Amino acid sequence: MKYVVVTGGGMSGLGKGVTSSSVGVLLQACGLRVTCIKIDPYLNIDAGTMSPFEHGEVFVLQDGGEADLDLGNYERFLDVTLTSDNNITTGKINRTVMEKERRGAYLGKTVQVVPHVTDEIQDWIQRVAHAPVDVCVIELGGTVGDIESCPFVEALAELSYRVGDFCLIHVSHVPVLSAVGEQKTKPTQHSVRTLRSLGLAPNILACRSNSPLEGYAREKLARSCHVSSGSVLSLHDVGKNVWRVPILLRDQKAHEAVLRVLNLDVKEPDLKEWTARAELFDALVEPVRIALVGKYMGLTRINKDAYFSVEKALLHASVALRKKLAVDWVPAEDLEDGTAPAWNKLKGADGILVPGGFGDRGVEGKILAAKHARENRIPYLGICLGMQVAVIEFARSVLLDMQDANSTEFDAETKNPCVVFMPEGSRTHVGGTMRLGDHHDVGCMAARLYGNVSYVDERHRHRYEVNPEMVARFEEAGLWFSGRDESGERMEIVELGEHPFYVGVQFHPEFKSRPGKPSPVFTGKTQILIN
């Protein structure tokens, strides 16, 4: 097995995830089989209980694992299916070590970070990175030198000696000070020095900067960090088109630098399809405007990471249908307050999307968005909670005796509970207790969206569901539940007759969308906008 490890220094947010994914794409284009592992040094078992404000979206894997959004980057870029084992956290490692200690697996030894924790990390990596994979790309989250990442750095240093074929790419920032006007290399030099002090030495430097790396900066970094100038890569800004990053790496022969370290001799990378898609993205002109109504939007900035996969799924669909995507971010609470800018975005949209979320804040604004789309015949897509608010809105507005309709998540005493807590859910534990991962759904809108299939498997993440006791009443009034689970008791897809496109799905179709393979739910939406 060959290993490529991506670390970051100096500051967070440099794009280690995109770098890891892009390196994986490049190696795949050389004919290699690639998998990815993300190491998150936090104490949480997984990302499931983290606030989107703090950590961005929770990406749901096929086996129900709740993971960092970088796992979504890997799946989209590499078109692979990962599991919860592809996401290592301090919490997972510590739990495993403690369980072994309680069983007496260490035979009376004093359990320590070295060797027991570091061995567990290495064993976990080697268990995930097995045949038929050729290369495993490992991204170490956080910044080199952080206290919480030290056991992982030590484990990776030990692994580099254990396996031999090990290439380390260090991502660092090369800033330009406005007063000086030149690219400064000291931040990268210092982060490399920190990395070396911890037992790891970079083979390749990936330098993040606003503009292409200058020759003098490249030579200075090569000399001071003990790498060849050909192994100093410029990861300068490519605008909004991250699909350009693998091409940028290819043009600098990054694959040759990696393959040289890994002792691999393979074909030149074939990125024709990838390049064509990136060029199409840049050439699109005719816009399609989608109002995305969310609750995870701060007062001073839009938290796009909270809806990362939703935005990517919209992008995949719009590019496939030759449209330039324009997302208008609409805070749900602003709709409740009647804020003019928010309502103007909603009224000017070609389509309205209400994504998932938890808690009652902003829910009434999402209900208003669903009502506006229904009454004004604007294409609407509701995902998870977005489906539930569509049902609540329909009950309040159309069924005259249900003006107080609600979800028991928001009003436990409502007399008309349109959405209820799932009977098998836990009311005492929140981590890993939802309906998670791939589930088999039948009788869906196959003809319009999925191409006449008898069932679909989509990923879920929810605790509440449409009340099955009220379904008949809704369908009599024109709200049709066109997709259900295998039991027939869980409502999976809802649509409104006599409307151009008014669809709600209980699952999260965005998690399976890929560049070149957009989710049918999203292309169905965009196709109707075009027609």
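**Cavities, a pocket and a helix pair**

Tutor: By class, the lining of the largest cavity has ten nonpolar residues, one polar residue and no charged residues. Keep in mind that this is a predicted model.

Student: Which element gives the largest share of the lining of the largest cavity?

Tutor: Four elements each supply at least two lining residues: α1 (16-29), β8 (204-209), β9 (232-236) and α10 (254-262). Thr 19, Val 23 and Leu 26 are among the lining residues. The largest share is three residues, and it comes from α1.

Student: What is the volume of the largest cavity?

Tutor: The count comes to two cavities of 30 Å³ or more. The volume of the largest is about 50 Å³.

Student: How many charged residues are in the lining of the second largest cavity?

Tutor: This cavity has a volume of about 40 Å³. Its lining includes Phe 358, Glu 409, His 462 and Arg 463. Asp, Glu, Lys and Arg count as charged. By class, the lining has four nonpolar and three polar residues, and the charged ones number two.

Student: Which residues lie nearest the centre of the second largest pocket?

Tutor: That pocket has a volume of about 390 Å³. Its lining divides into 13 nonpolar, seven polar and four charged residues. Of the 24 lining residues, those nearest the centre are Pro 52, Val 58, Tyr 296, Phe 358 and Arg 461.

Student: Now the helices. Are α7 and α8 roughly parallel or roughly antiparallel to each other?

Tutor: Two packed helices are described by the angle between their axes and the distance between the axes. Here the axes of α7 (residues 186-197) and α8 (residues 215-225) come within 10 Å and cross at roughly 20 degrees. Angles under 35 degrees count as roughly parallel. Therefore α7 and α8 are, relative to each other, roughly parallel.

Student: Which residues of α8 meet α7?

Tutor: From α7 come Thr 188, Gln 189, Val 192 and Arg 196. By class, the contact has three nonpolar, three polar and two charged residues. On the α8 side, the residues are Lys 220, Leu 221, Ser 224 and Cys 225.

Conventions. Residues numbered from 1 in each chain as written. Predicted model: local features only at pLDDT ≥ 70, side-chain atom pairs only at ≥ 80, totals over all residues. Heavy atoms only, no water. Axes fitted to C-alpha atoms, helices over the stretch in contact; angles between N-to-C directions. Parallel < 35°, antiparallel > 145°, perpendicular 65-115°, else oblique. Contact = heavy atoms within 4.5 Å. 1 Å grid on protein atoms, 1.4 Å probe; cavity = no way out; pocket = protein on both sides within 12 Å on 5 of 7 lines; lining within 4 Å. Points joined across faces, edges and corners; volume = space filled by probe spheres on them.
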